[in-house]
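Let's take a walk through this protein together, starting with its aromatic rings and then stepping back to the whole chain.

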Amino acid sequence: ESSNVSGNATYVRKTSLKDFNPETVFIIPERINYISDLRVSPTSNELHWSIGSNNNVGLYKYQQGISQLVSGVVNAFCFDNNGDYFYANGSNVYNSQGSTIYSGSWGIDMIQYDDISGKLFMAGSGSDRIWDSQGTLLYDSQGYSITDIDIDNGSDEIIFSVGSTVMNIDF
């Protein structure tokens, strides 16, 4: 949360949907419009965020202090169920050791990992496509921008927003 996009800090808050009462848990020392992704590790519950533009680009985590995990542009990142992370820079995806595991032709701004299939699912901000780590085009909206993607492992579906609609496709 930030009431000023030019402010030099962003409040991270947590709450329950059952008892909605947001409480500040951390303040990221960066402008909200520079944060490209924000997630919590599924194994350690540590807060991670990425900076895709400005002088402090990279992937960071907070655990009793700020640690930079990746130096360089990180447009998006995700975790597998073991807590290992994958991150996108341009049209490439890297694992937590920094090895390239996918290289494509479209810029990646959204990424999700499916532990069952072992595949990454990707889309680009302003892109009209969703594709997987085998390079298979799964969806083309014919010009409407995809603004977010997620995975429902229970039904093997990708849920995404395109235009003003929420849609789903099987994978």
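Rings of Phe, Tyr and Trp count as a pair if their centres lie within 6.5 Å. Keep that in mind as you look at this predicted model, where ring pairs link Tyr85, Tyr87 and Tyr94 into a cluster.

A search of the whole structure turns up eight aromatic pairs. In one of them, the ring centres of Tyr87 and Tyr94 are 5.2 Å apart and the planes meet at 25°, so this pair is stacked. Tyr87 is buried, with 9% relative accessible area, and Tyr94 also counts as buried, at 17%.

Now turn to Phe121 and Phe171, whose rings form a tilted pair, with 4.6 Å from centre to centre and 50° between the planes. This pair links distant parts of the chain: Phe121 belongs to strand β12 (residues 119-123), while Phe171 lies in the segment after β17 (165-170), 50 residues away.

Stepping back, you will find 17 strands and zero helices in the protein chain. Its radius of gyration is 16 Å, close to the 16 Å that the globule rule gives for 171 residues, so the chain is as compact as a globular protein of that length. Along the principal axes, the C-alpha trace spans about 40 × 40 × 30 Å. Of the 171 residues, 39% are buried.

Finally, consider the surface and the charges. The protein chain exposes about 9,300 Å², with 42% of that supplied by carbon and sulfur atoms. There are 8 positive and 20 negative charges, and their mean positions are 8 Å apart.

Methods. Residues are numbered from 1 along each chain as its sequence is written. This is a predicted model: local features need pLDDT of at least 70, side-chain atom pairs count only at pLDDT 80 or more; totals for chains, interfaces and linings use all residues. Side-chain values use heavy atoms; hydrogens and water are left out. Helices (H or I, at least four residues) and strands (E, at least two) are DSSP runs, numbered from the N terminus. The radius of gyration is taken over C-alpha atoms; the globule rule is 2.2 Å times the number of residues to the power 0.38. Buried means under 20% relative accessible area, exposed over 50%, partly exposed in between (1.4 Å probe, protein chains only). Accessible areas come from the Shrake-Rupley method with a 1.4 Å probe; for residues, only the protein chains shown count as cover. Lys and Arg count as positive and Asp and Glu as negative; His and the chain ends are not counted. The place of a charge is taken as NZ of Lys, CZ of Arg, CG of Asp or CD of Glu. Rings of Phe, Tyr and Trp (its six-membered ring) pair if their centres lie within 6.5 Å; planes under 30 degrees apart count as stacked, over 60 as edge-to-face and the rest as tilted.
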